[in-house]
Amino acid sequence: MIPHMRDMSPLLSVSDARLRFGEVTALDGVSLALHPGECLGLVGHNGAGKSTLVNVLNGSLSPHAGRVIADGHAGRWDVTTARALGLRCVFQELSLCPNLTVAENARILHRGHFGPRWRAEARRLAREALDAVFPGHGIDVQAQVASLALAQRQMVEIALAFAEAGRPARLVILDEPTSSLDAGVAGQLLAHIRRFVAGGGTVVLISHILSEVLATATRIVVMKDGRVVADRPADSFTQAGLVAAMGSTARERRRPGRNGLSGPVTPLVVQEMARGLPVRVAAGEVVGLSGLAGHGQTEMLRALHDRLAPGWIAGRRPKVAYVAGDRRHDGILPLWSIRRNLTISALASLARRGLVDERAEAAIAEHWRARIGIRSPDLGLPILSLSGGNQQKVLFARALLAEAPLVLMDDPLRGVDVGTKQEIYDIIRAEAAAGRAFVWYSTEIEEMELCDRVYVFREGAAVAELTGDRISEAAILAASFAGPDTEAAA
Amino acid sequence: MRPSSDLIRLALPFVALGALLGGVFWLQPRAMSYTGLNLLFNLAVPIALATLAQMFIIAVNDLDLSMGAFVGFAACVTATFLNETPWLGGLILLASVAVYAALGVVIHLRRLPAIVVTLGMSFVWLGLAVMILPAPGGAAPGWLRTLMTVRPPGIPMALAASLLIALAAHLVVARSALGVVIRGVGGNERSVARAGWSVLHARAAAYALAGLFGVLSGMALVGLTTSADANIALRYTLLSIAGVILGGGEFVGGRVSAVGAVAGALTLALAGSFLSFLRLSPDWQIGAQGAILILVLALRLGLDAIEQRRARA
């Protein structure tokens with residue numbers, strides 16, 4: 001796969017790694033070798049397998065099949081051996097202890113490096129690490145991390161990953177390191193990466209800013225659907241070429257049964273945001289929220305829900321219903337029966353003089369069981385007796401039961417099998433045709449093609465609005481990954 | 001430069017303490033003396049020790065609901081076994097510290113909620129204490145009595161001891177590597193584990209330290225009261241939690257301060273005396289003590305809100 005084999009043996013390599021999470025294939029036979037003195041750019045859309053691959057590389061996950069070879073040895077590979085090799089990771093979610101000072105975090109991160117007078121040593125280490133990567137950073141190493149700005153915290157985390165403490169860093173994995181840095185500081189980081197690589201170090205750089213990857217990486221690997229689809233030297237890629245590589249080659253577009261709203265429609269709700277485009281939703285419309293995961297889609301849904309949901313007094317007819325993405329965490333009531341899980345959203349209309357009319361409850365539950373096909377012999381069984389896909393159907397039915405004109409969906413089909421997905425797509429289309437509006441955040445681009453209007457999010461704001469035939473994988477990818485210079489193209 | 005939020009946090013218990021002390025002196029000027037101060041803060045030392053014990057548990061994001069019962073148990077052992085057969089008493093107290101460490105291990109390994117485990121343990125400690133000492137009684141070992149009633153020149157014993165205890169606990173929790181790891185577990189358990197530390201070890205150490213300070217609290221209490229009773233310290237559970245929070249700690253996130261916790265404990269101890277000087281009927285005292293607590297904690301919430309607004313700006 002690697003067109004430019006080097007003389008040096010790889011520092012770390014995985015061969016034919018395969019990993020499944022339940023229904024989802026996260027890695028489908030990935031082979032990758034990391035050599036000393038290279039910066040590997042890793043790009044791909046949601047679910048392409050980047051994070052899973054990083055977790056295999058750093059030893060947090062072990063693949064179900066395939067081998068990890070470090071420094072020529074195919075032994076045990078876990079977090080401890082990864083650290084022993086000199087592997088350091090900077091994750092997207094900050095992994096410092098916010099209640100400790102910068103120096104104390106250095107103490108935690110570099111275990112076994114310090115003597116009895118560790119406080120002064122840790123201060124010096126943190127200061128030197130920051131000076132090396134971000135000259136003129138202005139960060140007090142005795143300040144508590146929680147008191148630093150987000151960008152400063154990220155700078156601390158990056159600097160400590162590169163720090164010279166005990167075992168030198170040989171392989172640094174950076175997952176979206178510049179997401180909260182301004183251009184000047186990001187430039188300092190990229191310059192440091194080049195210096196580090198020139199000195200024989202290895203860096204894996206994951207970023208949604210393609211211009212950064214193109215300018216810094218020596219080699220770029222593009223992933224899609226758990227596979228490596230391109231692996232070439234960085235200078236053979238262009239920005240447009242990268243976006244094209246991330247998309248699928250040719251797939252027929254399926255968009256049946258769209259109700260073909262066109263022209264200006266009166267919006268049901270408009271959610272203005274601090275930055276970016278306002279999100280408009282009209283009755284009978286399916287509005288998609290897309291872009292890379294964690295770029296503000298869930299926050300937007302929450303804000304919309306909080307605005308419309310009753311604060312003190314719940315009326316009989318709710319204005320909004322919410323289908324949670326994290327089923328176990330904020331969806332199902334795990335100790336209740338299927339029926340009760342279903343009807344909780346409509347208790348107000350099922351109650352007579354404050355008591356729940358159990359016959360009406362059973363009737364409405366049976367109606368929805370038939371309508372969306374919940375596969376269970378008895379709705380009195382506990383909800384956990386259902387498969388994940390059927391649990392999700394119950395949550396859908398719960399939201400539809402509430403008779404709210406607007407349904408918000410927070411990536412509800414994650415990890416649901418294809419058959420159930422199709423059934424739910426049909427229900428959504430039928431309900432939209434009947435005049436209900438949906439706001440649908442999904443990490444899967446194909447699902448966006450079922451929408452009437454799509455907003456692509458980047459860095460906490462909607463940056464592109466696509467309607468009708470302009471909704472395509474290519475357009476969504478281009479908008480999610482755009483660097484500063486492709487803003488116009490989106 | 002604006003004072004850091006930590007400084008404001010730490011200042012609050014001292015301001016509250018100063019305000020209460022001012023109130024007491026205004027009501028009863030004669031309290032402004034060596035003997036007066038000694039009497040005012042008489043029972044502060046065991047409360048401060050129990051608060052520090054609770055602080056170690058809160059530092060790892062847990063909560064100990066058995067603190068009062070445990071201090072009572074330690075007091076009963078001190079007043080009986082430690083007095084009569086010192087080696088056996090010492091052994092029992094050491095074993096109880098080991099039980100605390102084991103609790104930390106169990107809570108961590110089985111992922112049990114600490115509140116439930118310690119609530120259950122509170123009945124165990126109380127039951128053991130009643131078995132040891134069915135009726136109030138026992139006697140303080142002579143050396144302990146001497147230690148707790150010593151009259152150092154210039155500064156009352158209660159204050160001097162509080163200072164020493166705060167300093168010792170501060171060294172452990174803020175300056176030692178162990179303290180950093182314990183607080184790190186409270187702040188971001190996953191990143192501590194990723195860096196190669198044993199979170200199990202850290203939690204067990206935090207619980208063992210809590211057990212140690214709990215034992216010291218029980219011993220100090222007996223040294224002051226000269227006898228013990230199984231129910232002697234049941235209030236300490238809630239007092240210790242309130243003291244930690246009053247002293248700038250947070251329930252989650254590993255933000256604790258040893259100096260603040262001791263100041264918080266002194267404030268709570270003084271609140272009782274202050275109300276007595278107000279000639280408030282004893283029927284109302286517990287309620288009024290609660291009102292003072294709510295007032296000071298409301299100030300804390302206000303400061304937190306200011307801090308958050310600043311962070312956003």
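A residue is termed buried if 20 or more other C-beta atoms lie within 10 Å of its own, exposed if 12 or fewer, and partly exposed in between, with C-beta atoms placed from the backbone. The views show a predicted model, in which local features need pLDDT of at least 70, side-chain atom pairs count only at pLDDT 80 or more, and totals for chains, interfaces and linings use all residues. Residues are numbered from 1 along each chain as its sequence is written, while chains are lettered from A and ligands numbered from 1 in the order in which they are written.

**View 1. Helix α1 of chain A and the glycine that follows.** Helices (H or I, at least four residues) and strands (E, at least two) are DSSP runs, numbered from the N terminus. Helix α1(A) spans residues 50–57 and is largely enclosed by the rest of the structure, because six of its eight residues are buried. These buried residues are Lys50(A), Thr52(A), Leu53(A), Val54(A), Val56(A) and Leu57(A). Just after α1(A), Gly59(A) adopts a positive phi of about 90°.

**View 2. Helix α17 of chain A and its cover.** Of the nine residues in helix α17(A) (473–481), seven are buried, so this helix is largely enclosed by the rest of the structure. The buried positions are Ala475(A), Ile476(A), Leu477(A), Ala478(A), Ala479(A), Ser480(A) and Phe481(A). Elements of chain A that cover them include the helices α7 (210–216), α8 (239–246) and α16 (445–448), together with the strands β12 (286–291), β18 (453–458) and β19 (461–467).

View 3. Pro412(A) is located in the loop that joins β16 (406–410) to α15 of chain A. Pro412(A) is buried, because 25 other C-beta atoms lie within 10 Å. Two residues are in contact if their C-beta atoms, placed from the backbone, lie within 7 Å. Apart from neighbours within four places in sequence, Pro412(A) contacts Val323(A), Gly325(A), Gln392(A) and Leu395(A). The C-alpha atom of Pro412(A) is 6.1 Å from that of Ala324(A), although the two residues are 88 apart along the chain.

**View 4. Contact between domains 2 and 3 of chain A.** Chain A is assigned domain 1 (12–246), domain 2 (253–319 + 404–490) and domain 3 (331–403); the bounds come from an automatic or database domain assignment. Domain 2 of chain A supplies 16 residues to the contact and domain 3 of chain A supplies 14. On the domain 2 side, helix α15(A) (418–433) gives the largest share, five residues. That side of domain 2 of chain A comprises nine nonpolar, two polar and five charged residues. Here Ala, Val, Leu, Ile, Met, Phe, Trp, Tyr, Cys and Pro count as nonpolar, Asp, Glu, Lys and Arg as charged, and the others, Gly among them, as polar.

**View 5. Contact between chains A and B.** This contact involves 22 residues of chain B and 18 residues of chain A. On the chain B side, the elements giving two or more residues are α1(B) (5–27) and α10(B) (177–194). The greatest contribution to that side, twelve residues, is from α10(B). By class, the chain B side holds six nonpolar, ten polar and six charged residues. The model scores ipTM 0.89 and pTM 0.81.

**View 6. The largest nonpolar core.** A nonpolar core is a set of buried Ala, Val, Leu, Ile, Met, Phe, Trp, Tyr and Cys residues joined through C-beta atoms within 7 Å. The largest has 251 residues, and those with the most contacts inside it are Ala159(A), Leu205(A), Leu52(B) and Ala206(B). Helix α11(B) (199–225) contributes the most to this core, with 16 residues.

**View 7. The fold of chain B.** Chain B contains 14 helices and zero strands. Its C-alpha atoms fill a box of roughly 50 × 50 × 35 Å along the principal axes. Of the 313 residues of chain B, 49% count as buried. The mean pLDDT of chain B is 90, and 97% of its residues reach 70 or more; pLDDT is the predictor's confidence in each residue, from 0 to 100.
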